[in-house]
Amino acid sequence: MLSYIAKKVFRAVLTIWIAVTVTFFLLRLLPADPTLLVIEGDMTPEMQESLRARFGLDKPLHIQYGLYLAQLVSGDLGVSFRQLAPVADIILARLPWTLLLAGSAFLVTLLVGIPLGVHAAVKRGKAVDKVVQFFGTTSNAIFVPSMAILLLVVLGANLALFPIGGSIDPDTRGVAAYLSLFHHLALPLFSLVLVQIGPYALTLRTNMLEVLGEDYIKSARARGLSQRRVVWRHALRNAILPALTLMGLQLGTLVGGAVLTETIFAYPGVGRLIYESVQQLDYPVLQGAFVMLAFTVVVANLLTDMIAMLLNPRIRT
Amino acid sequence: MTLATVTTRRRRNRQSFMSTPGGWLSISVLVLMVLTATLGPVIVPNPSGLGTDILQPPSAAHWFGTDDLGQDIFGQVVWGAQISMAVGVAASAIAIVIGTAMGLLGAYVKWLAPVVTTLTDVMLSLPMLPLMILVTALAGPSVTTLIVVIGVLSWAEVARLIRSHALVVASMPYIDGARVLGAGPIRIMLRELLPAVTPLIVVSVLLTAARAVISEAGLSFLGMGDPSSWSWGRILLNAQRSGVIATAWWQTLFPSLAILVLVLAATIAGIRYNDSRDPRTKGV
Amino acid sequence: MKQSHARLRVGAALAAAAALLLSSCALNEGESDPAGTAAEGDLTLRIGTTTDVANFNPLQSLSKTDSWILNAMYPHLLRLDENAEKVPELASGYETENDGSTVVFTLRDDFVWSDGEPVTADDVAFSAQAIMDNQLGNVAAKLTWVENIEVRDDVTVAFDLSQPYAPFAEGVGFWMSIVPEHVFSEAGDLTAFANDSDWVGAGAYILESMERGQRYTMRANENYPYAPEGGAAVQTVEYVVYPDINTMLLALKNGDIDLMGNPVPSSALGGLESDPNISVQSVDSLGFAHLTYNVTDETLARVEVRQALSMVVDTESIIATVLQGNGQPMVGPISPVFGEFDNPDLEPYPFDPAAARELLEDNGFTDGDGDGFLDGAQFEMICDQSNANLTRVAEVVRDDAAEAGIKLDLACIERNTFLARTKDGDYQIDLSQWGVFDNPMDQLRSTYLSSNPGGINYNLVQDPELDALVNEAATTLDQEQFVERIQGIDAYVHEQALLTPLYVEQFSFAYRSDRFTGFQPSPSDLLGMVTGYSLSQVTAAE
């Protein structure tokens, strides 16, 4: 048990470290000069040199790296090149929105995808099954920005059912604020979920079909247990595990890949922050954002692993 | 296994693949797409210059309408097929080669297994699109950059798949037999394991290429694509920049449909191929 | 069985609790906004922007969105009116002494910082000194001749220059932000001062609160001297971030915002015409798009080659199609926006690819290999791909140049690479668009002096005759002579075809005319409809 957890934690730390290192060296080894973007046009070589010194870019690469790691370990994410504000402030202003969007996308995919997959497996060959199979193959083919735009124009602009972008109405308080929050969350959430729920339901269906053909299921039925118990208590518990792992792996895509959705819906997440920081060559913010994203994915993966373990204590890989 | 049974089995597989509408429809669509990408630019003129019909909806003269420069969108989609598909196929090739190598190594070479699995899991945990954005922006957007970036960041899923199936094959007795007979690890991986996972590779090629097309469209839409060549993502980018997404619906619809159709065809072909080899679901 | 079921329930409950906790974190940000203190009947104007505010320190380099907010908050000595002329803001006027070597600004005495302190000459002197000491932003270059700053009294500040420079007052007056000395002097190292909270300003609107990446709320400054009688009607200005301009357009139509800070792309204007609630106001750009030739290249060093290139640009069609008519042509480097400084006698190079080809052939160019292109007439043209119009223009020019036998290789590259290459002089032809020139003298000095003081001499031209013309004009104090000399340089550069001007873009700003009226726009998208002065004049529509 302990070694299992230890292995998972080791892997988590390794992932974060790799994310940090990859970002760090990519930024410094690829040809791009952040000083050029801070002052355009009239910049003397002296000004450029002093800027490079201020950004810490004048030191040898390995020293920069060491300094940065030391900084990270002490919890300091550094100061933004462009905004001069602490990176932590900048990222924390956006992180809750990313967590909200990704977290709810995760939950909704689970809550809707699981019953869909189960029903498709149980009612194999019937209409439900055909629909889930069709949807499972097509949903991945949808180009998210196109879907997002369609939703925004039709449901947001034409039918005025949902707000046009933004995260929340700032003039609301209390219950109204919660409602506004979810009202603004709906369309971005729907865009993200629509694209990934298909394959998820499909995987679950496949796994359920396999499990339902197992001997112990047949013996459970023979023992007189109701269909519902057999399916939902016994079969699902085993079928869900690979699907859960799949979701955990999708988290990386979900958390960072929402940049297109965030742009169109003006949703202030970390994905969009990364895009803007790349344009501005704001290294500290970029590094910080990747660290935070990797951290989030790793923590979420650990959580799903824990849940998997709770569901089936026999798991030891 | 005699030659006769092998060939009849193959013929049976091909039959059952093509016998379902999913099978032959998806293959025909893929063939059509490839034809469009290769022959289209020869027949359809390169969209360029300034036209006179600006932002026209689809009509007999312009099947997909025109954009804000008066250029024919149908021409743009046809020319875009070339780059979008080229990137998809090339990136997929890179991902497949790396992924298969990693998968086989991770399955057969015992001391490498933990390294490979850790590496694969880490790769899958990294945020893909932000990394692609980062590298493309820093290296300068071009078709080459896109292919390399998408390819190098897509091998992990392939590796995972290949490895899990190669593991099953690697534990079979005839592999031990081959080892006893003196075959080295490379020979065993190439001669025994690789053929056994080839059907999986075929499926992976299709699915990875489909995903790569979507990644390319996404990157182009963000302005990270190659500005000197047409791609489906770039048509969408033009619509976005011109502020006409809500009004000129045709400029967004047709490239999106192209992406949808291509990815759908590839996915269904992959699934049908898989099913046609699985005795349990053959013909379902 | 019950155990695992219970575990599942616990797990689900934990997840739900976590989700609620997270969402309440997000909600707390919303609740910290003291918008609840706004009184009934206060007008709020919401402005959309595609870019987040990055920098709150007005002494440093700013993006356009930064400028919109900071220029409304920190006064300048002079501002630009709708005719692109400098008029008083903080300064009521200026004079020169010592044959132009000393420039004296006289300030208004009724500007007050939002913490109650009066705005005095000390603030002006401090701002200028800070910029010079730290070499901050683009104003530092304009202060290079300043030897001494003298505060004569609370409303008088004098700049002693090492030599007379006619446009000094206008350049510094327009560009330099005046910051509160009593706040900024406490801030330590100004190069690292973020200034992202507790704002103290004296302009028309002061920042009150912000949510990074989402919303910036400003309140009207009741002490702003230029507000109409009784104070500005618009008490609150909110900048709302919409990264995608299409979403912003939808938001405007829906009424979520009242004004788009970013110009409406030409192709999208048609979609707004039918909406009775939305009106559009247009202003000219203070910059212009151009092709600039690197004259250190031996082929481009020849004036006939540059003249031929000038003849393959179909300005009329470009303006008609790429800009959808929203632009005007120009001849020579001085924009028509500068009125009398633009030499009216200059003949534009005609759009005539055949004549261009002839000109080249007459000067020794031949098509030896029969590929349709004249040998040696091949150039690489770089452009910034983030400028959507210019990428289109590049294609058009390339196609037209081909007709004249000139082969143009397009390199519309990513912005960072573009900036690096322009800085290094690593290009043959540069296709780009100047942002803002506030006066022609500064423009000519920055772009044509061989010493390259502004770093933007993209011709890399070293012409002693041109230097002499520019330096002579710079020290001319007599207005009539000054205009004549500027026009002379206009003609010289045009004859030398150092650049091929493309167009002066016209920016169109869309707003809800059913709700607001009375904007006082200024030229360029840096100012547009959102200057502090303009916003303070806005009233509710009838």
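Predicted model: local features only at pLDDT ≥ 70, side-chain atom pairs only at ≥ 80, totals over all residues.
Colleague: In chain A, what share of the contacts with a separation of 6 or more comes from residues 24 or more positions apart?
Modeller: A contact means heavy atoms within 4.5 Å. Among the contacts of chain A with a separation of 6 or more, the share from residues 24 or more positions apart is 73%.

Colleague: How many helices does chain A have, and what are the ground rules of the model?
Modeller: Residues are numbered from 1 along each chain as its sequence is written, chains are lettered from A and ligands numbered from 1 in the order in which they are written, and side-chain values use heavy atoms, with hydrogens and water left out. Helices (H or I, at least four residues) and strands (E, at least two) are DSSP runs numbered from the N terminus. Chain A has zero strands, and its number of helices is 13.

Colleague: Is A:Ala308 buried or exposed?
Modeller: A:Ala308 belongs to helix α13 (residues 283-311) of chain A. Buried means under 20% relative accessible area, exposed over 50%, and partly exposed in between (1.4 Å probe, protein chains only). The relative accessible area of A:Ala308 is 11%, so the residue is buried.

Colleague: What distance separates the C-alpha atoms of A:Ala308 and A:Arg237?
Modeller: Along the chain, A:Ala308 and A:Arg237 are 71 residues apart. Between their C-alpha atoms the distance is 9.2 Å.

Colleague: What percentage of the residues of chain B count as buried?
Modeller: In chain A, with 317 residues, buried residues make up 56%. Chain B has 284 residues, and the buried percentage is 55%.

Colleague: How far apart are the centres of the positive and negative side chains of chain B?
Modeller: Lys and Arg count as positive and Asp and Glu as negative, while His and the chain ends are not counted. Each charge is placed at NZ of Lys, CZ of Arg, CG of Asp or CD of Glu. Chain B has 18 positive and 12 negative side chains, and the distance between the centres of the two sets is 18 Å.

Colleague: What area is buried between chain B and chain C?
Modeller: The size of an interface is often given as the accessible area lost when the parts come together. Here buried area is the accessible area (1.4 Å probe) that two parts lose on being put together, summed over both. At this interface, 26 residues of chain B are in contact with 24 residues of chain C. Carbon and sulfur atoms give 52% of the buried area, which is about 1900 Å².

Colleague: Which residues of chain B lose the most area to chain C?
Modeller: Together, three residues account for 29% of what the chain B side buries. They are B:Leu50, B:Leu69 and B:Arg241.

Colleague: Which element of chain C has the lowest mean pLDDT?
Modeller: Chain C averages a pLDDT of 87, and 92% of the residues score at least 70. The highest mean among its elements, 96, belongs to strand β11 (residues 259-260). The lowest mean, 51, belongs to helix α1 (residues 2-31) of chain C.

Colleague: Is C:Thr500 buried or exposed?
Modeller: C:Thr500 lies in strand β18 (residues 499-512) of chain C. Beyond its neighbours within four places in sequence, C:Thr500 has contacts that include C:His290 and C:Val313. The relative accessibility of C:Thr500 is 5%, so the residue counts as buried.

Notes: pLDDT = per-residue confidence, 0-100.
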